[in-house]
Amino acid sequence: MVYTKKHPALLIMGVLLVALAVATDAGLLDGIVGYLKIGSKTGEMTGMSYLFGIIAVAVGAWHMWGKHEEGNLDYYLSSVGGAIFILFIAMIVTWFAAPWVAVVSKSMGPVMGAKYLHDVLGLNYVVLGILAGIITVNVFKIPGWAENGVRLSRLGLKTGVILLGTLYSLAELAHLGKLSVVMIGFFVLGSVGLVLFLGRRRKIPNSMGGVLSAGMGVCGVSATVAAAPVVQAKPTEIAYTIGTILIWGVGCMFLFPVIGHVLDLGHIQFGAWAGTGILNSAQVAGAALAYQPDGIETLKVAEIFNITRVLFLPLIVLWLAVWYVRREETAAGTQVNVGKVVFEKFPLFVLGFILMFALSSTGIFAPAQHYKGKYFDNDIAESKLLTGEDVALLTSEAAKVQSPAQAGALARLIEGRKIANIDDDAAIRGLTNAKVLSKDANNVLKKAHKVVYHTAKMIKKFRQWITWLFAFGLTGLGMQITGAAMRQAGGQPLVIGGVVGTIKAVLSLIVILLFVSETI
């Protein structure tokens, strides 16, 4: 069978990508770049557009005028059209649509627009990519020449999950390791089990129950993507799970800080609660910062709990593999060797995640104590120290600082012209967030933080790859979600997710009030 379909679309996309690269490189898009605030992406725009544009032109020319014969070469080259089609849309979303939404949101104000409309609703490349894919398949349909390559989107998602392991390290669990492991372990396992139980009672498909349990129980989108192949989840079921997670996160972002203040929770208590009860990482951070805008102690605790959730991912995938095989075995009325099937079906990309996490913890990609590639190091050049004018400005406003910890950190910063240690860095970041000092003084504090807090170059590259793998994968996933399939799935996932999310939030809050103090 010959898979290649003669069509000029791939060649045209290649020409457009090369033209975009040339225009970006020549500065013809500087006005758009400035308005969208994507100056940091111009190198990426140029490099990726040239690379994939040239590939598209070459393969597109072969599609049009080459000799097509049955075989592996024809099969693989026929998939390039669909892959470039997905990537082309993902590029539009990531470079133009998502930044435009951010600009418009922020124009509505720092609270209503930038924080709640943009951050809380998650109007980023992830959500917009899925929506773009859904619109494409339901409004325009997937063209025949692209159908073969659209299937590659799952490969992008799996590779992205593998690389997620590079962003974390075991050293980050040192401060609250026991607390986070016990609480997260109990509530992750409990949430997964409860979703599976309710799914069986509500008679939803095993695949839907499996992927929803991973998303609601572990760490949101990443867990959803990781569990999907194990339980053979359909794109529609993955989309429903992601939608449930985002909707639940929106409610939590508003309610958690309010309830925390009413109950007068401490920083560790609220951080532990947010890190346990909210799934989406961005929304966990948003809730923590909303609760403590004048410091980052709450945020640090919430992040540690978030890492712990990620570490439970391989265990949950293994559990779901066993559960799914047994459920399908019962439904079919046949006897299956569970151990053999699990061994054969357990996704290798999850093992890749474990391997990358282990390597990351050794410090091979970044110092072993890093979190998402960022680490503290105040061994900096003389030229990066605060200037005399900076020191004078901070000295003139030092009396405004009331917090002893922040005042001490500021005094040591003024004396040494750099942040002394990681604890002082946290205090300085808290002082910046509190906006006690003038705008100019806050800019000096931000500069002082940036010069001692670094992002490893290798991790920076990994993050860039992860972004594009997820942009590619989720856009392609959206292209597999039709309106008919969405209507057929019904609203059961949202009901089950809401029930389980509420139970987890309430029970975890009770546990924290009873057993968690500020002096662990």
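Helices α19 and α20 are roughly antiparallel to each other, a label that goes to angles over 145 degrees, while under 35 counts as roughly parallel, 65 to 115 as roughly perpendicular and the rest as oblique. The model is a predicted one, in which local features need pLDDT of at least 70 and side-chain atom pairs count only at pLDDT 80 or more, whereas totals for chains, interfaces and linings use all residues. Residues are numbered from 1 along each chain as its sequence is written, and side-chain values use heavy atoms, with hydrogens and water left out.

Back to that helix pair. Two packed helices are described by the angle between their axes and the distance between the axes. Helix α19 covers residues 388-397 and helix α20 residues 404-416, and the two pack at about 150° with their axes 9 Å apart. Here the axes are lines fitted to C-alpha atoms, for helices over the stretch in contact, and angles run from 0 to 180 degrees between N-to-C directions. As for the names, helices (H or I, at least four residues) and strands (E, at least two) are DSSP runs, numbered from the N terminus. The α19 and α20 crossing is left-handed; that word applies if the near helix is turned anticlockwise from the far one by less than a right angle, and right-handed applies if clockwise. On the α19 side sit Val-391, Leu-394 and Thr-395, which meet Leu-410, Leu-413 and Ile-414 of α20, contact being heavy atoms within 4.5 Å. Sorted by class, this contact has 5 nonpolar residues, 1 polar and no charged. In this sorting, Ala, Val, Leu, Ile, Met, Phe, Trp, Tyr, Cys and Pro count as nonpolar, Asp, Glu, Lys and Arg as charged, and the others, Gly among them, as polar.

Next comes helix α23, which packs against two other helices. With α8, the angle is about 150° and the axes are 7 Å apart, so α8 and α23 are roughly antiparallel to each other. The crossing of this pair is left-handed. Residues on the α8 side include Ser-153, Gly-156, Leu-157 and Leu-164, and those on the α23 side include Phe-462, Trp-465, Leu-469 and Leu-477. The α8 and α23 contact holds 12 nonpolar and 6 polar residues, and no charged ones.

With α4 (residues 72-107), things look otherwise: the axes of α4 and α23 (residues 457-478) come within 9 Å and cross at roughly 115°. The two helices are therefore roughly perpendicular to each other, and their crossing is right-handed. From α4 the contact takes in Ala-83, Ile-86, Leu-87, Ile-89, Ala-90, Met-91, Thr-94 and Trp-95, and from α23 Trp-468, Ala-471, Phe-472, Thr-475 and Gly-476. By class that makes 10 nonpolar, 3 polar and no charged residues.

On a 1 Å grid over the protein atoms alone, a pocket is an open set of points with protein on both sides within 12 Å along at least five of seven lines, a cavity is a set of points where a 1.4 Å probe fits but cannot get out, and lining residues have an atom within 4 Å of a point. Grid points are joined across faces, edges and corners, and a volume is the space filled by probe spheres set on the points. Of the 19 residues lining this pocket, Met-48, Phe-52, Leu-87, Leu-469 and Phe-472 lie nearest its centre. Two or more lining residues come from each of α3 (42-65), α4, α8 (153-164) and α23, and α23 gives the most, with 6. The lining has 14 nonpolar, 4 polar and 1 charged residues.

The largest cavity has a volume of about 70 Å³ and is lined by Arg-154, Leu-157, Lys-158, Val-225, Ala-228, Pro-229 and Ile-238. Helix α8 gives the most to this lining, with 3 residues. The second largest cavity holds about 60 Å³ of space. Its lining includes Leu-196, Arg-200, Asn-206, Trp-323 and Arg-327, and the largest share, 3 residues, comes from α9. By class, the lining of the second largest cavity has 4 nonpolar, 3 polar and 2 charged residues.
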